[in-house]
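Welcome! Let's explore this protein together, one question at a time.

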Amino acid sequence: MFFNKSDGSPTDGATKKTRNIPLLPLRDIIVFPHMVVPLFVGREKSIHALEDAMKTDKEILLAAQKKAKTNEPVPEDIFEMGTVGTIIQLLRLPDGTVKVLVEGKRRARIKAFVPHEPFFMCEIEDVEEIASNSVELEALMRSVQTTFETYVKLNKRIEPEVLMTVQTIDDPARLADTIVVRLASIKLNDKQEILETTDPVKRLERLYELMNAEIEILQVEKKIRSRVKKQMEKTQKEYYLNEQMQAIQKELGERDEFKSEIQELEEKVKTKKLSKEGADKVKKEMKKLKMMQPMSAEATVVRNYIDWVLALPWYDKSEENYDLDAAEKILDEDHYGLKKVKERVLEYLAVQALVRKLKGPVLCLVGPPGVGKTSLARSIARSTGRKFVRLSLGGVRDEAEIRGHRRTYIGALPGRIVQSLRKVGANNPVFLLDEIDKMSSDFRGDPASALLEVLDPEQNHNFNDHYLDLDYDLSDVMFITTANSLSGIPLPLQDRMEIIQLSGYTESEKLNIAVKYLVPRQKEDAGLKDVNVDITENALRTVIHHYTKESGVRSLEREIGSVLRKVARQVVKEGKDQTYRIAAKNVPKYLGVPKFRSSMVGEKDEIGLTNGLAYTTYGGTTLECEVSVVPGKGKLVITGLLEKGMQESAQAAMSYIRSRQKMLGLEEDFQSKIDVHIHFPEFVPKDGPSAGVTMATSIASALMKIPVRRTVAMTGEITLRGRVMPIGGLKEKMLAAHRAGITTVIIPKENRKDLREIPRRVLNSLRIVLVEHTDEVLREALCLSDPDAIFGRREAPMEYRGGELVTPSASGEVESPLVVPTPTVDPPGARQ
């Protein structure tokens, strides 16, 4: 019984009669006609097939398996087209396998498998290959030969003799079979496709395509190899030249730079006083450095690390000044007032003189811009005899800015703390951390958290920088931080610092500072030191009132500088011999139209308009609150860039007014017929509860249609029951009222203790009313002809005029006079 492999119909070319022949299945190889190849045979069936062929005419069919991993193939696993081969030599090996040398003769197609044991016997028919001679075939053969020549030049694994053999072949079928054997990188299926193509012309065309694809890949590989080779040659060339240079230097007797550098580092290590941990670490790094190549990247990293460790002032200290009188004199020369800060510095020096070893204090100077926080730190350094170093923290958002990067990163450096200490060259400087409230955090870490260790006297004696990976003692450093507001400083960080509030300046203080410090400095900057220039005090007052509106003196200094620059222009034109006097009436000539009014008080009392007092990062300021009542359905509208806290205060104020509707003479359901609009002018964000009484007063005024006194300003938090709660920043608010020309200030009674901090000149110019309830605020602020008719007869609130109590308290207690220390003579100097 026969198993039919195909229908036996002829395809390309004529066919011969069929015959039976043993089959040798091949794995991962295809044998073509005219190809001599050795095969190693190990399967029993295949060995029996070879033995049977040797007994007859030594012919055997060589056909490839579709899957090489199949150990026991069946007829479906074998390709239909194969090659009839002749066994040239057969050799049995000791391990039982057979080595056979076969030569391909012609193509043959399997017609059927004949049942036979113990090997495959199949019925085959030979396939003849007929190609007609033509010009096109000749051209194709030449193209294939030329392409193969290109392939041989790119593929160095093919012997040149093969190319000569190919050039002499004039049979297209044999040419194709000879070349395809040499294309080792072609896949098995592509070779089988060429074997099954019986038309020599089509076979050559397919071969031509495969060779062009292989040539393209080989060209890309050649480019890659060329690039790699050039890079390697460059590296080898540099290495060779470096070795030559070293050999030449050695022959000429010149010193080895690397060894000389190591010797210098070893000398520094011997003379530099380091901590025990630091000395051990440097010795280990020195050992590693000696074993490294000088030009290696790792050697550079180790050398930089050793340089950093040796450059730090581990035990180098500047000599401190313990003379309290001299220190106090320096502080007074540089800055006007600032009693609290000066006392704290002198206390530190006194204790240091007695103990000789005291943990450095951590002071936090909080105040509006321009009051001299940064310059005060410089004066502290000068008065204590220490060196000064400043580090600005504004905008710092990376924790590595404080602690540094680990050495595993390329270009790693220590943090800014260690860098600053290296720069100043002393282990006990006055270290200013400027703008500590302007730090922020992101995915790179929180620098404020890294500062917790730096600013904690209990921990900073073992400060560990990531780059150094050594404990460094910061306990001798006197840290001073500055901020405009405490709101930007985390509470744990605030807890580690001694906070000292700096308030804004009064008019007289600004005048003193301008006369004694700002004018002389600006004259020198403008080149007018030797010119007789006189700016009168009235002129300076005009600049303060009409051209600046600030807590500090920074804008004042700029305006004075602007005046003196215009004077310098006159001096160049007219000469230095003249006297230049700037009076108050001449100030607009130099500075233009006045920018501000001297008094911010309105021209008349108005309904729904109340003066409030606010405290911002720029100091105290007055804040107008407007209320408008229009017909509506009970809506409360609050505008003016108000934050959530201030909006809630407005709602509390409205609830208080509704609870007092009978007393204020309002209808029972008045709120359902109107809309109330509360507005704070000036396009700046506003927050905090201290405007509660201000909003309540404006609402009451608008509903009762009674004006509010324009010379009254107020501050205080309101509750739903109308109680007036204490507030913060009272000193700054009182200074703002004084600058604005306010005559009466209403404050919570619980803030009475804070009045001791307010300068005497400000107290003397203000009438201060201390209240406990909002009823007292309305009684005092509204223009009422008969307050008793609305609020009833009651005890007058506590009141101060000129710093003295003029109204006894309701309880009848004896009040102590408000004592505010004031110097009889202004101290010399001014503050920046």
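Q: What percentage of the 832 residues of the protein chain count as buried?
A: Before we start, this is a predicted model, where local features need pLDDT of at least 70, side-chain atom pairs count only at pLDDT 80 or more, and totals for chains, interfaces and linings use all residues. Residues are numbered from 1 along each chain as its sequence is written, and side-chain values use heavy atoms, with hydrogens and water left out. Buried means under 20% relative accessible area, exposed over 50%, and partly exposed in between, with a 1.4 Å probe and protein chains only. Of the 832 residues, the buried share is 47%.

Q: How many helices and strands does the protein chain have?
A: Helices (H or I, at least four residues) and strands (E, at least two) are DSSP runs, numbered from the N terminus. For the protein chain the count is 26 helices and 27 strands.

Q: Why is the protein chain described as more spread out than a compact globule?
A: The C-alpha trace spans about 145 × 90 × 60 Å along its principal axes. The radius of gyration is taken over C-alpha atoms, and the globule rule is 2.2 Å times the number of residues to the power 0.38. That rule gives 28 Å for 832 residues, so the chain counts as more spread out because its radius of gyration is well over this, at 50 Å.

Q: Which strands are the edge strands of the open sheet of 9 strands?
A: Two strands pair if DSSP finds at least two bridges between them. The order is E19-E20-E18-E17-E21-E24-E25-E26-E27, with mixed pairing. Pairing on one side only is what marks the edge strands, E19 (636–639) and E27 (804–805).

Q: What angle does the direction of helix H22 make with that of E18?
A: Helix H22 (residues 692–704) packs on the sheet, touching E17, E18, E20 and E21; contact means heavy atoms within 4.5 Å. Axes are lines fitted to C-alpha atoms, for helices over the stretch in contact, and angles run from 0 to 180 degrees between N-to-C directions. The angle between H22 and E18 is about 30°.

Q: What covers the buried residues of helix H21?
A: The buried residues of H21 include Met646, Ala650 and Ile657. Their cover includes E18, E19, E20, H22, strand E22 (717–718) and helix H25 (774–781).

Q: Which side chains along strand E3 point to one face and are buried?
A: In E3 (residues 36–41) the side chains alternate.

Q: Which residue in strand E6 stands opposite Val37?
A: E3 and E6 (residues 98–114) run antiparallel, with 6 bridges joining them. Opposite Val37 stands Val102.

Q: Which strands stand at the edges of the open sheet of 5 strands?
A: This sheet has parallel pairing and the order E9-E10-E13-E8-E14. Each edge strand has a single partner strand, so one side of each is left without a neighbour in the sheet; they are E9 (388–392) and E14 (498–501).
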